[in-house]
Structure formats: structure tokens, C-alpha cells
Amino acid sequence: MSSRSLARMIRRGAALAVVALLLLVVLFPVLWLVLMSVRTEAESFRMPPQLFFTPTAKNYLDLMQSKFFRAFENSVVTSTATTVLSLLLGVPAAYALGRAQLRPERLLSLWVLATRMAPPIAFGIPFFLIYIRLDLIDTRLGLVLIYLSFNLSLVIWMMRAFFEGLPASLEEAAYIDGAGVVGAFVRVTLPLSAPGLATTAIFCFLLSWNDFFYSLILTRSEAVTAPVAIVNFMDYERWEYGKITAAASLIMLPVVAFSLAVRKYLIRGLTAGAVKG
Amino acid sequence: MSHTSRSHRFSRRQFLGGAAAAGALAAARPVLAQAPAVRGKVTIKMMQVGHAYAAGLTENLAVFEQKTGIKAEIDQMSFPILNQRSDLELSTGSGAYDVLQMIFIRSGRWIRAGWAEPLNPFLDKDDLGDFAAGALAPFRRGDTIYAIPWLADSTVVGYRVDILEKGGYPKPPETFEALQEMAAKIFTKETAAFVTQDNLHWIWPNWLMSYGGNFFANPPDDLSPRLDSPEAVKTAEMFTTLLSKYSPPGGAKLNQDIAEAMMHQGKAAYYLDGFGNVQHIIDKAKTQFADSMAFGNTPSGPKGHFPQLAVHGYLINKGSKKKEAAWEFIKWATGKEMMLQNALNKGHLACTRSSVLNHPEVKKKFTWHGSDLPALHETVMKRAGAGYMAYRTVPQFPPIGDRVIIALTAIASGQASAAEGMKAAQRDVEALLRKDGIQIKS
């Protein structure tokens, strides 16, 4: 082996070691959480912590006896429904705002952001009171509507930028070929904006999935979502660390799975427009 | 013509459809007739913190329904969530929950706001005498009672007899000065001398009041804060010294589970906290040191003995439309039978009824190596009946308590001296009270 290729190998090895170290630092809290979820409570509190131990599934089995899975189901249903509805309603709106030659377009786009102009707490009590009158408290529909209100602005702003990045001449070519506005949008524009759709969908899903505040305020027992259910494992006399860590490990799974499924588009979506050429 | 004919056919269909609908309605009448009986069945909702007591109630809801015909649903949640939801439900008058937990430090605000229904029309005065004075005091305004207590958490100490004896202490120290000396003597790197939980505004007053200090000049009448008084500064210094020098690492920020785990693992020798937490140090499933543990009173100071007492009760929501049924539930949930059952089956030592604490089976269950734990708990409840816990139920207490925790943590971590830390807290609390319209006297 030549000294040059040896040097290249050492450089590559060192770079990999640095990446591995950085990964360990970044992922350590997650790793510790998952490890705690397969330890007994006594093991979790042992000082100094033991690196080697016999893993247990007890925390996950205990979790199955609790109401957590109902809350998990609520999270899956509300987040998925919100994501789908936000995209269905927000993407055409973003396209219209991106393409239409309207004078008040900027103003319209600004007002779309109105629901995000104040912290959620400012809307909490008004929504609570309205929801009581509409009988929407403690319902999945109520949560979906509220998530929709702040996800729509995200979809419209993110997707408008993607649409503006696509040349209008592609749609004009479709018009010449006989397509209408909807046809050009569905057959030409949407497929080209798949990375943007994937990125936006992930952010929508994450915003709803991780919401704590509205779930706390607008649910009671039936529509409680997973983030609130986890906090409820903190009893008066003791915190159920086993269940908390097992639930927290489970709550990460759908997001990780979804992100892995669309990661190809996600990276393209995040870097779209970064380089012009 | 054909149009007319179609119209005619349609009318006939309509007639037949209408007849069928009428028939269906007629057939459904017996079912509908049963409806009032179903509607007449009362369902009430209750919310409270997740607790063994609530678990005991939940297991027996069928018995309650059988006795009274009232169906009850209990929502249990953690304290952070309960605090938020209770405030929201009560302040908006939603009436969705008929019975709520009267949270000790929020009781003053809720009673002042008129969110709790006065219970006097429902009360059996003879039965009321069974509750310890200190347990009822926070929910009483004059002769009016606003909640019935189900939990009273009294501060006590749990300690390792073997370690204290080795340090020359056959009995736990009776004064806070002596505790300080003992801590210096028995502290080792392997075993901390002292441990407590991070809700410091609950622990520190054991010191503060024993030295003649208080949060306010004369609560609830005079709420001028006294957080920078010489007594407050001295006891803040003493208390935080224990946290920073003689506790396990991070001594000011250990929650009750970690504090208990320190005792279980033999990493700490002396634990001061509410009985609800301290009682778990003898859980043989978690520790090999159970037989070396004992319990005792908190130390005293120059001005006397001021163990703390936190009480939680059940209230009837002013907005409830089913107050009679709500009272039936409270009567059952805090009754002798239910409390005794929870003491024996759920390990609920923090009872509020004297008759339960003096029940032979309860005495037997909670006597540990000759120590009568129910008696220890009852002593604290009686002592707190003197009214010195009034500072905790003033409506403004919750944010003030939080500010005191910040001050004590800053002192314990060396970010401020005791005098500086408490002066800063005093300044902030004065501003907070002024904002609430409280007149502050110097």
C-alpha cells in the first residue's frame, strides 16, 4: 500500500470516528431513554449506572395495561388526518397564491399567518369556550380542526415558495397541449413538487404529533393524545419512570418511520433552491 | 299529464313511506318509553391527581353505583395537568366535572373566587368531628366548609438507625442545629447525611417557622412578605448548606423518587419529606436496608416545632348541575369505610380521619419496629390545627412558592449568598403582591 493511500485511509478513518463521536453525543439522550425503557426501576436509579444489565420488557407490558395505547391511537388519527387535510386544502391555496396575479396577494399571505402571530396560550381560552358551545371538547375532530388552523399557514407558506421556484413555462406547455388549470397543476406541477410536499407533510405531522398545549386544554379523557398521556404517568407519590420511558420510546417510532420513508424527498426538499443554476 | 301521473305515484310512495315511518315510530314507542328511566340515571364526573387513593375508589365504583344508583367516572392525571385543567374548568364554569380535587395551595384562590360550593347544607356535623383539625382548617372559612379532606401529607423524617448510631446518635437530632452538626459528622462520599425532594418551598418552612419566620407578616390578614427577615436569611443559609454540602450531588434538584432511591440504595442516611413519600423507604422490594430504617418527628427550632401539612380534599364544582349526586360521591369517597379500605389495601397512611388512624388493623399495618406511624402522622395533623399553615393557602401563594424555590436553588448552587438571594426574592414577591392590590407594610 502506498503512503498516499494509507494517508487517505487514515484521514477517512479519523473522519468516520469524528462522525461516530458526534452521533453518539447527539443521540445519547435518545439512547439513554431507550435503555431506561428496558431496565427495571431499581436498575435505572443505580449509582453508578451499570453498562451491562438484563433487559426487561416489563415496562412495555405495563404500558399495554394502561390507557396509553388509546392516547397513542388518538395521536396517530389526529396527526394523520390533520396532515392529509392540511395538504388537501393548503396546497391548492399555496398554488393559487403563488401563481395568481392578485394585487393583495402579499396581504393575503400575511393574514394566513394570523394564527401564528400570537403564542398558543392566547388562543387557548377562547377556543376552549367556543369548543364547549360546539360540543367539540374532548373529541378527535376538535383537535384536528385546531391543528388544521395552524398547520394550514405552514403548508401555504412552504408550498408557495416551492411553486414559485418551478418555472411557469412548464404549465404553459401543458396548457398548449390541452390541459386545463387543474390538469396542469395535478399532472405537471404536483409531481415536480414532491420533495416540497414530503417536507411539508413531515413538518405538519410533527407539529400535530408533538402538540402538548391544545391537547392539554381541549381534551379531558377520551381524546387525550400521547404527549399528555405520558405526563400523566407522574403520580402524586411517584413517577412511573418505566412507563414514561417506554411510552417516550414508542412515541418516537411513527416519526422515525415516516421520516425514513420520505427522507429522499426530505433532503431534496430542504435544499431546494439553495443553489441556482 | 304524465307529469301529473308521476306526481301522483310519488305522492303514493310518500304516503307509504310516511306510513312505514309512523309504524316504525309506533314500534319504537316501548323503547322510547324506557328512555326517561335511562336519562334519570345520574352520571357524575370527578378529576383528581393520580394516586393510590383514587385507584382504590376506582376499583369500588361499582359498589358506589349499587348503593346509590349514581354512576361515577374518575379521571386521574398528573399534578401539572390537573393544575391547568382544574383552573380552566372552574374558571370557565364549564360544569363538566361535578367533583374536583381541592388542591391545597390553590384552595385559597378557588374559595375566594367562589368556584367551590359551600358544603354546610350537606354536612353531617357529628361525622365532621372525626377529621383532624389540621386537615379541615385549609377548607374552612368561618363556619363554612368548602371541601372534605382525603389526604393529609405531614412532614416527618425517615433515617438509617445504624448510620446514626455509628455517628453517636442513638436518637435522631431534635433540633435543626443538632441536625447540622450530625450531618457534618456522618457525611461520607458514599453516604450523604441528608436528602430531601426538590419542592423546596414545602421543605424549607420546617426550618423557617421553627426560627420564628414566615412567608408573610400575618397570613391571611397581612400578606406583607417577610422573605428577607433575619430568620428567613438564617434558615435559608442553614437549609441550603445541608443541600449543597451534605446531600447527594444535585441535592437541591432531586425529586421524591430520586430522594427515595437514595435511601433505598444506602446513598443517604436521613430523609425529610411528606409521609406519603417517606413511608416508601421501607419497601423491601426496593431496598435491603428496610430493617435499618426508622421514622421520627422533624426537628424543632428556638421557637418550637412546626412540621408542615399539605391537605387535599374533594369539592363540589359551583358549576355542577348534579350537586346532590356529587355530595353522595364525596360522602362515600371520604367515608370511614372507604378510607379504612384504602389504608389497609392501598397503603394510604396519609388519612385524615382519627377513627381510621386509630383503627387496630391500621395500627397493626403501619407499626414499624415499634414506631406507631399513624400516631406520628396524627400528631402533625393536630399540631397544624393551630393554623400556622395558613401561609400556604393564601390565593397568591403558588407563584410566590415558585419564586422561593428559585431563590433557594440559587443559594444552594452558590450563585447568590443567602442574604442576596432572599432579598431578591423579597423584591420580586413585593412586586407580585402589589400587582394583585395587596398593601405592603414595612
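Visitor: Where do the domain bounds of chain B fall?

Guide: The domain assignment puts domain 1 of chain B at 43-152 + 309-384. Domain 2 of chain B is 154-308 + 393-435. Their centres, taken over C-alpha atoms, are 27 Å apart.

Visitor: Back to strand 11. Which strand of chain B is it joined to by 4 bridges?

Guide: Strand 3 of chain B. Strand 11 covers residues 309-316, and the two run antiparallel. Gln101(B) stands opposite Tyr314(B) in strand 11.

Visitor: What about strand 1 of chain B, parallel or antiparallel to strand 3?

Guide: Parallel. Strand 1 (residues 43-49) is joined to strand 3 (residues 99-102) of chain B by 2 bridges. Met46(B) stands opposite Val99(B) in strand 3.

Visitor: Let's zoom in on one residue. Where is the place of Ala116(B)?

Guide: In the loop between helix 5 and helix 6 (125-128) of chain B.

Visitor: Buried or exposed, and why?

Guide: Ala116(B) counts as buried because it has 24 C-beta neighbours inside 10 Å. The cut-off for buried is 20 or more.

Visitor: What is Ala116(B) in contact with, leaving aside neighbours within four places in sequence?

Guide: Met102(B), Trp110(B), Ile111(B), Tyr146(B), Ala147(B), Leu315(B), Ile316(B) and Lys318(B). Met102(B) falls in strand 3 of chain B, which covers residues 99-102.

Visitor: What share of the chain B contacts, at a separation of 6 or more, comes from residues 24 or more positions apart?

Guide: 74%.

Visitor: Give me the overall picture of chain B. How many helices and strands?

Guide: Chain B has 21 helices and 13 strands. Buried residues make up 48% of its 442 residues. Along its principal axes, the C-alpha trace spans about 110 × 50 × 45 Å.

Visitor: New topic, the chain interface. How many residues of chain B are in contact with chain A?

Guide: 24 residues of chain B, in contact with 19 residues of chain A. The elements of chain B that give two or more residues to that side are strand 2 (71-77), helix 4 (79-91), helix 13 (256-264) and helix 14 (275-278).

Visitor: Which one has the largest share?

Guide: Helix 4 of chain B, with 5 residues. By class, the side of chain B that touches chain A has 10 nonpolar, 10 polar and 4 charged residues.

Visitor: And chain A, which domains does the assignment give?

Guide: Domain 1 (3-57) and domain 2 (60-271) of chain A. Their centres, over C-alpha atoms, are separated by 33 Å. The contact takes 7 residues from domain 1 of chain A and 8 residues from domain 2 of chain A.

Visitor: Which helices supply at least two residues on the domain 1 side?

Guide: Helix 1 (3-37) and helix 2 (41-44) of chain A. Helix 1 has the largest share, 4 residues. That side of domain 1 of chain A divides into 4 nonpolar, 2 polar and 1 charged.

Visitor: Last thing, confidence. What are the scores?

Guide: The model scores ipTM 0.77 and pTM 0.81. Chain B has a mean pLDDT of 90, and 91% of its residues reach 70 or more.

Visitor: Where in chain B does pLDDT stay under 50?

Guide: Over residues 1-13 of chain B, which have 0 contacts beyond four places in sequence. Where pLDDT is low, the predicted coordinates should not be read in detail.

Technical notes: Residues numbered from 1 in each chain as written. Chains lettered and ligands numbered in written order. Predicted model: local features only at pLDDT ≥ 70, side-chain atom pairs only at ≥ 80, totals over all residues. Pairing = 2+ DSSP bridges. Contact = placed C-beta atoms within 7 Å. Nonpolar A, V, L, I, M, F, W, Y, C, P; charged D, E, K, R; others polar. Domains from an automatic or database assignment. pLDDT = per-residue confidence, 0-100. Buried ≥ 20, exposed ≤ 12 C-beta atoms within 10 Å, placed from the backbone.
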